[in-house]
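Thanks for making the time this morning. I would like to walk you through one structure, going from element to element, so please have it open on your screens.

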Amino acid sequence: MSGHSKWHNIQGRKNAQDAKRGKVFQKISRDLYTAAKIGGADPDGNPALRLVMEKAKAANMPKDNVQRALDKATGAGGANYEEITYEGYGPAGTAVLVEALTDNRNRTAASVRSAFTHHGGSLGTTGSVSFMFDRKGYIFIANDEDLNLDEDTVFEAAIEAGAEDMKATEDGFEVITEPADFEAVRDALVEQGYEVSQDEVTMIPQNTVEVPDDKTATFAAMIEELEDNDDVSAVYHSAD
């Protein structure tokens with residue numbers, strides 16, 4: 001039985017890893033589609049697409065998956081996808097933005113609404129919470145005892161590279177940029193030898209809401225249900 005249990009545990013971990021990898025590929029596919037739809041399918045003339053393709057390569061995403069996403073953007077895939085943003089409130093009054101890419105608006109709207117209502121939230125109207133967020137470039141520079149980076153030095157490097165702001169955390173430094181400056185700032189910091197462990201253009205809440213202990217599990221379950229939706233490409237929220 002111990003052998004069976006060990007195999008079951010290994011298989012369980014593998015299945016979980018495969019599911020996680022599949023979700024990563026799914027999100028990257030949608031980002032590829034969006035970038036190519038807006039700026040064209042040629043990465044040489046589309047910086048946003050080039051950035052996503054770099055992420056696809058880093059995630060070991062198969063070339064066939066990348067090509068399928070680009071084919072959808074150019075119409076080669078046949079399906080007509082559209083981008084939709086849903087806005088609503090989660091437990092404790094948290095503001096939630098849901099970005100979706102779908103070929104069936106009714107299906108997606110119903111499933112997103114269901115995720116909100118299942119967990120004590122509510123779907124709002126367009127503009128109800130989006131004004132509470134700003135689109136920004138986000139770069140995280142890792143730091144630990146071995147690196148022992150100096151906060152003032154990193155701050156100076158980030159500002160000189162064109163960043164808008166920087167904040168120190170326990171694990172490193174959060175660098176904030178305007179979306180248009182994101183790629184240049186990231187590249188400048190990497191060239192200076194800083195270890196960038198996360199980089200993306202995202203929606204950052206202007207203010208955060210502390211979720212009470214008795215609602216944290218419900219809030220987490222709502223976010224998980226939204227993120228597990230095949231049509232959802234990104235979820236942003238104001239929860240602390």
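Let me begin with a pair of residues that face each other across two strands: Lys167 has Glu174, in strand 6, as its bridge partner. Please keep in mind throughout that this is a predicted model. The two strands concerned, strand 5 and strand 6, the latter covering residues 172–177, run antiparallel and are joined by four bridges.

They belong to an open sheet of four strands, in which the order is 5-6-4-7 and the pairing is antiparallel. Strand 5, residues 165–168, and strand 7, residues 196–205, stand at the edges with a single partner strand each, and therefore one side of each has no neighbour in the sheet. If you compare neighbouring strands here, you will find them turned against each other by 25 degrees on average, with direction ignored.

What packs on this sheet? Helix 5, made of residues 151–161, does so, touching strand 4 (133–142) as well as strand 5 and strand 6, and its direction makes about 160 degrees with that of strand 5.

Let me turn now to the charged side chains, for which a search of the whole structure finds 11 salt bridges. Because Asp199 lies in strand 7 and Arg186 in helix 6, which spans residues 182–191, the pair ties together parts that are 13 residues apart in sequence. Are these two residues buried or exposed? Both Asp199 and Arg186 are buried, and they also take part in a network of salt bridges that links them with Glu54 and Asp187.

A second pair is that of Glu82 and Arg105, whose closest N and O atoms are 2.8 Å apart in their salt bridge. This pair links distant parts of the chain, 23 residues apart, with Glu82 in strand 1 (residues 82–89) and Arg105 in helix 4 (residues 105–118). Glu82 is partly exposed, at a relative accessible area of 30%, and Arg105 is likewise partly exposed, at 45%.

There is also a salt bridge between the side chains of Arg107 and Asp103, at 3.0 Å from N to O. Here Arg107 is partly exposed with a relative accessible area of 38%, while Asp103 is partly exposed with 42%.

On the side of helix 4 the contact is made by Val112, Ser114, Ala115, Phe116 and His118, and on the side of helix 7 by Met222, Glu225 and Leu226.

Finally, I would like to point you to strand 8, residues 232–237. Why can we call strand 8 largely enclosed by the rest of the structure? Because five of its six residues are buried. Strand 8 runs antiparallel to strand 2, residues 95–102, and five bridges join the two, with Leu97 standing opposite Tyr236 of strand 8.

That is where I will stop, and I am happy to go back to any of these places.

Definitions and conventions: Residues are numbered from 1 along each chain as its sequence is written. This is a predicted model: local features need pLDDT of at least 70, side-chain atom pairs count only at pLDDT 80 or more; totals for chains, interfaces and linings use all residues. Side-chain values use heavy atoms; hydrogens and water are left out. Two strands pair if DSSP finds at least two bridges between them. Axes are lines fitted to C-alpha atoms, for helices over the stretch in contact, and angles run from 0 to 180 degrees between N-to-C directions. Contact means heavy atoms within 4.5 Å. A salt bridge is a side-chain nitrogen of Lys or Arg within 4 Å of a carboxyl oxygen of Asp or Glu. Buried means under 20% relative accessible area, exposed over 50%, partly exposed in between (1.4 Å probe, protein chains only).
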